[in-house]
Amino acid sequence: MPKIINKGQIVEDKWTILPKNFSGEPPAGTLLILPMKFWLEHKDDIRLPVIGVWIDSDEEVEAIGEDANLFPLIAVNFPSFTDGRGFSIGRLLRERYEFTGQLRAIGNPNRDQLFYLKRCGFDAFDLKEGADLEAALASLNDFSITYQNAADQSDPLFRRK
């Protein structure tokens with residue numbers, strides 16, 4: 001079973017991510033992360049809370065909006081290192097829509113981004129196969145002091161002193 005980082009620990013991943021172009025009947029008896037487009041097209045027929053949803057970087061989080069807390073898990077795709085739109089999606093989910101479930105980075109997040117993804121509200125990371133998860137886990141604590149407020153720290157440094 002593949003492993004991910006979740007809430008500061010390396011754990012087995014029990015979820016299956018369906019591809020963006022998925023069509024047909026979702027497989028039964030497993031925890032599924034459905035593409036947002038599929039969920040939007042079939043949300044009246046799908047039973048919650050046994051599913052999660054994933055948002056691609058070119059999709060608008062507002063399409064889920066207030067329904068965000070229906071899901072135990074929302075994943076955000078990072079198709080490449082240079083595509084930072086997922087950072088904004090994470091902040092919007094946590095701050096505007098008050099999403100409290102697992103917020104997972106999928107696709108191509110790398111070790112150098114994990115600390116900043118955590119600051120945007122991500123608490124789970126599905127890294128490429130073969131990634132050094134121990135080193136990635138350590139990178140969540142690359143910095144001990146942050147100046148700005150963020151999803152993981154509501155007050156800037158000058159207010160914390």
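**L114.** I began with L114, which sits in helix α3; helices here are DSSP runs of H or I with at least four residues, strands are E runs of at least two, and both are numbered from the N terminus. L114 is buried, with a relative accessible area of 0%. The cut-offs I used: buried is under 20% relative accessible area, exposed is over 50%, and partly exposed is in between, with a 1.4 Å probe and protein chains only. Then I listed what L114 touches, skipping residues up to four places away in sequence: F125, L127, A136, S139 and L140. Contact means heavy atoms within 4.5 Å.

**Ground rules.** The model is predicted, so local features need pLDDT of at least 70 and side-chain atom pairs count only at pLDDT 80 or more, while totals for chains, interfaces and linings use all residues. Residues are numbered from 1 along each chain as its sequence is written, and side-chain values use heavy atoms, with hydrogens and water left out.

**The sheet.** Next I traced the strand order. It is an open sheet of eight strands, β2-β1-β8-β7-β6-β5-β4-β3, with mixed pairing. Two strands pair if DSSP finds at least two bridges between them. β2 and β3 are the edge strands with a single partner each, so one side of each has no neighbour in the sheet.

**Strand β4.** Is β4 enclosed or open to the outside? Four of its five residues (31–35) are buried, so the strand is largely enclosed by the rest of the structure. I looked at both of its partners. β3 (residues 15–17) runs parallel to β4 and is joined to it by three bridges; T16 has L32 as its bridge partner in β4. On the β5 side (residues 51–55), four bridges link the strands, again parallel. There, L32 is bridged to I51 and I33 to G52.

**Aromatics.** I searched the whole structure and got seven aromatic pairs. Rings of Phe, Tyr and Trp (its six-membered ring) pair if their centres lie within 6.5 Å; planes under 30 degrees apart are stacked, over 60 edge-to-face, and the rest tilted. W39 and F71 have ring centres 4.9 Å apart and planes at 75°, so I logged them as edge-to-face. W39 belongs to helix α1 (residues 36–42) and F71 to the loop between β5 and β6 (73–78), so the pair ties together parts that are 32 residues apart in sequence. Both W39 and F71 are buried. F78 and F87 are another edge-to-face pair, because their planes are at 80°, with centres 5.6 Å apart. F78 and F87 are buried too, and together with F122 they form one aromatic cluster.

**N108.** What does N108 contact beyond its neighbours within four places in sequence? I found F78, P79, S80, F81, Q113 and K128. N108 is in the loop between β7 (102–107) and α3 (111–119), and at a relative accessible area of 17% it counts as buried.

**Positive phi.** K7 has a positive phi of about 50° although it is not a glycine. K7 is in the loop between β1 (3–6) and β2 (9–12) and is exposed at 59% relative accessibility. E98, also not a glycine, has a positive phi near 50°. E98 lies in the loop between α2 (85–96) and β7 and is exposed, with a relative accessible area of 55%.

**Second largest pocket.** By class I noted six nonpolar, one polar and five charged lining residues. Nonpolar here covers Ala, Val, Leu, Ile, Met, Phe, Trp, Tyr, Cys and Pro, charged covers Asp, Glu, Lys and Arg, and the others, Gly among them, are polar.
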